[in-house]
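The following questions and answers examine one protein model. Please consult the sequence and the coordinates alongside them.

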Amino acid sequence: NLAHVFPNDLVLKEGELSSPECTCCIGHLALTPDGRTAVTSGDTHLHVWDLVSGTCRTMEGSHRRSISTLAVSPTGQLVVSGGQDGTLMLWDLASMQCRSELTERL
């Protein structure tokens, strides 16, 4: 059971990232280009981790089913997530809110 403990009390162990105020199972992880922020998902919500301070925030809103993919934009300002509910959501990291949602039409 290996664990990586960051200087700011973040612990990465067996697919889980935790801090004193938040724990998240990691299904998907994306880093901003500057390496200072990690975005994770393990369920229907996105969690934004400040890797310098060790703090975690949860995005307002969520997918209706599990998130199956996520990516950070080259500028590090936006995140796109795709869910098993057939939606793509575009998130703004500064405001922590969904900017746009695209739903699959059958």
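Q: What is the place of Leu88, and is Leu88 buried, partly exposed or exposed?
A: In this predicted model, Leu88 lies in strand β11 (residues 87-92). Its relative accessible area is 43%. Buried means under 20% and exposed means over 50%, so Leu88 counts as partly exposed.

Q: Is Thr32 buried or exposed?
A: Thr32 sits in the loop between β5 (28-31) and β6 (37-41). The cut-off for burial is under 20% relative accessible area. Because the relative accessibility of Thr32 is 7%, this residue counts as buried.

Q: With which side chain does the side chain of Thr32 make a polar contact?
A: Leaving aside neighbours within four places in sequence, Thr32 is in contact with Thr37, Val72, Gly76 and Leu93. The polar contact of its side chain, at 2.7 Å, is with the side chain of Asp34.

Q: Which element of the protein chain has the lowest mean pLDDT?
A: The protein chain averages a pLDDT of 83, and 80% of the residues score at least 70. Among its elements, strand β10 (residues 78-83) has the highest mean, 95, whereas the lowest, 54, belongs to strand β1 (residues 3-5).

Q: How many helices and strands does the protein chain have?
A: Read along the sequence, the pattern is β-β-β-β-β-β-β-β-β-β-β-β. The count is zero helices and twelve strands.

Terms used: Residues numbered from 1 in each chain as written. Heavy atoms only, no water. Helix = DSSP H or I, 4+ residues; strand = E, 2+ residues; numbered from the N terminus. Buried < 20%, exposed > 50% of the residue type's maximum accessible area, 1.4 Å probe, protein only. Polar contact = N/O pair within 3.5 Å; in protein donor to acceptor, adjacent residues only side chain to side chain. Contact = heavy atoms within 4.5 Å. pLDDT = per-residue confidence, 0-100.
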